Amino acid sequence: MAGSSPAYCGGDANGGEAAAEKHKTVAASLGFDILLWIPEIIAFVLSGSITLFADVMKCGNEILATFFALLILIRMRRGDRFCYDYGMGKFETSTRFITGAVMMVSILIITYSALTRIYNPEPVGIEGAMIGIPLMLVTAIIDTYLWQKNYRVSLHDPSPIMESQWRLRRAKAFADVSVLLALVLSFLLGNHALSVYIDPAASFIIIGFLILAGYREISSSLPDIFDKTLCEELQIVILRHLATSYDRYHEFHGVRSRRSGSRIYIEIFLGFDPDQKMGDVQDFIDSLKQSLEAEIPGSEVFVIPKRR
């Protein structure tokens, strides 16, 4: 029935193979993050580098974001245990908001540490730098590879999870290069008096990446959390279809919509002539539903007969 509520109770709507590929890619990303995070923490402790400290905090946030993404994918694949009327979109959006909030807290901690180091400069420890330089080189190569891999998966099967993952990897790759350059310059220019300021100054580059990432996570999640209506372009598409079929329904009572992850749920309330045959009404509902879903990717349209 066209007016029935949408239901999601199962795995990835795009198929088990696509879901498995997403799961495998995100799981590999999380594994690499944790594997490389531990020696980076050791390098920070030995070197005292504020730039490495900022990157350790940033990587901690990224591990959190990747863990949430993996948790969502696991739940989507275990559809027999988790059933939601509108899919996992709200859970995904909420975790993005939480990740963005954690990033903002990290920014405050890193900024305080960087300013403290500027007022009380210290040279970067040689032992930590010797570990950090090759480590960041390897990390940059791995993150660049994961950036490209996640991007290809996102192109093949678009979803908010994979889009956020490839963007996260892209930002991480650029941040890795920034940390690498800061360590190399601090090591090579160690005899210069101003070299002690290279490390805290470079940490502000990491802060910049965190600000952009945190703002993107929070700003992109708030509209979905509060069920913001569709953009004007999509509303015009709906109204255009209704206008071309004005003679097939009697009254227009409004449109209600919401997003849930990559899905768009649209409910259209129409009134029909009481003398109109139910078969004709259902034919029109099916036709309107099919035409709108064809023009609005990722949408599910529900036409609901209603009296004033």
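**A walk through the model**

Guide: Happy to! Let's begin at one spot in the strands: Y265 stands opposite E300 in β3. Keep in mind that this is a predicted model.

Visitor: Which strand pairs with β3, and in what sense?

Guide: Strand β2, residues 263-271, pairs with strand β3, residues 299-305, in the parallel sense, over seven bridges. Further along, L270 has P305 as its bridge partner in β3.

Visitor: And how many residues of β2 are buried?

Guide: Eight of the nine residues in β2 are buried, so this strand is mostly covered. Strand β3 is mostly covered too, with five of its seven residues buried.

Visitor: Let me zoom out for a second. How many helices and strands does the protein chain have?

Guide: The protein chain has eight helices and three strands. From the N terminus on, the order is α-α-α-α-α-α-α-β-β-α-β.

Visitor: How much of the chain is buried?

Guide: Of its 308 residues, 45% count as buried. There is also a figure for contacts across the sequence: among those between residues at least 6 apart, 77% join residues at least 24 apart.

Visitor: OK, helices next. At what angle do α7 and α8 cross?

Guide: Helix α7 covers residues 232-244 and helix α8 covers residues 278-295; their axes cross at roughly 150° and come within 11 Å. Angles over 145 degrees count as roughly antiparallel, which is why α7 is described as roughly antiparallel to α8.

Visitor: Is that crossing left-handed or right-handed?

Guide: The crossing of α7 and α8 is right-handed.

Visitor: Which residues make the contact?

Guide: On the α7 side they are V237, I238, R240, H241 and L242, and on the α8 side L288, S291, L292 and E295. By type, the residues of this contact divide into five nonpolar, two polar and two charged.

Visitor: Changing topic: where is F272 found?

Guide: F272 is found in the loop between β2 and α8.

Visitor: Is F272 buried or exposed?

Guide: F272 counts as buried, because its relative accessibility is 15% and the cut-off for buried is under 20%.

Visitor: What does F272 touch?

Guide: Leaving out residues up to four places away in sequence, F272 touches R248, Y249, H250, V281, F284, I285 and P305.

Visitor: How far apart are F272 and K306?

Guide: In sequence they are 34 residues apart, while in space the distance is 7.9 Å, C-alpha to C-alpha.

Visitor: I also clicked on K58. Where is that one, and is it buried or exposed?

Guide: K58 is in helix α2, residues 50-77. With a relative accessibility of 3%, K58 counts as buried.

Visitor: And which residues does K58 touch?

Guide: Not counting residues up to four places away in sequence, K58 touches K172, A175, I206 and L210.

Visitor: One more: where does S186 lie, and what is it in contact with?

Guide: S186 lies in helix α5, which spans residues 160-188. S186 is buried as well, with a relative accessible area of 11%. Leaving aside neighbours within four places in sequence, S186 is in contact with V124, S195, I198 and D199.

Visitor: Great, thanks for showing me around!

Methods
Residues are numbered from 1 along each chain as its sequence is written. This is a predicted model: local features need pLDDT of at least 70, side-chain atom pairs count only at pLDDT 80 or more; totals for chains, interfaces and linings use all residues. Side-chain values use heavy atoms; hydrogens and water are left out. Axes are lines fitted to C-alpha atoms, for helices over the stretch in contact, and angles run from 0 to 180 degrees between N-to-C directions. Helices (H or I, at least four residues) and strands (E, at least two) are DSSP runs, numbered from the N terminus. Angles under 35 degrees count as roughly parallel, over 145 as roughly antiparallel, 65 to 115 as roughly perpendicular and the rest as oblique. A crossing is left-handed if the near helix is turned anticlockwise from the far one by less than a right angle, and right-handed if clockwise. Contact means heavy atoms within 4.5 Å. Ala, Val, Leu, Ile, Met, Phe, Trp, Tyr, Cys and Pro count as nonpolar, Asp, Glu, Lys and Arg as charged, and the others, Gly among them, as polar. Buried means under 20% relative accessible area, exposed over 50%, partly exposed in between (1.4 Å probe, protein chains only). Two strands pair if DSSP finds at least two bridges between them.
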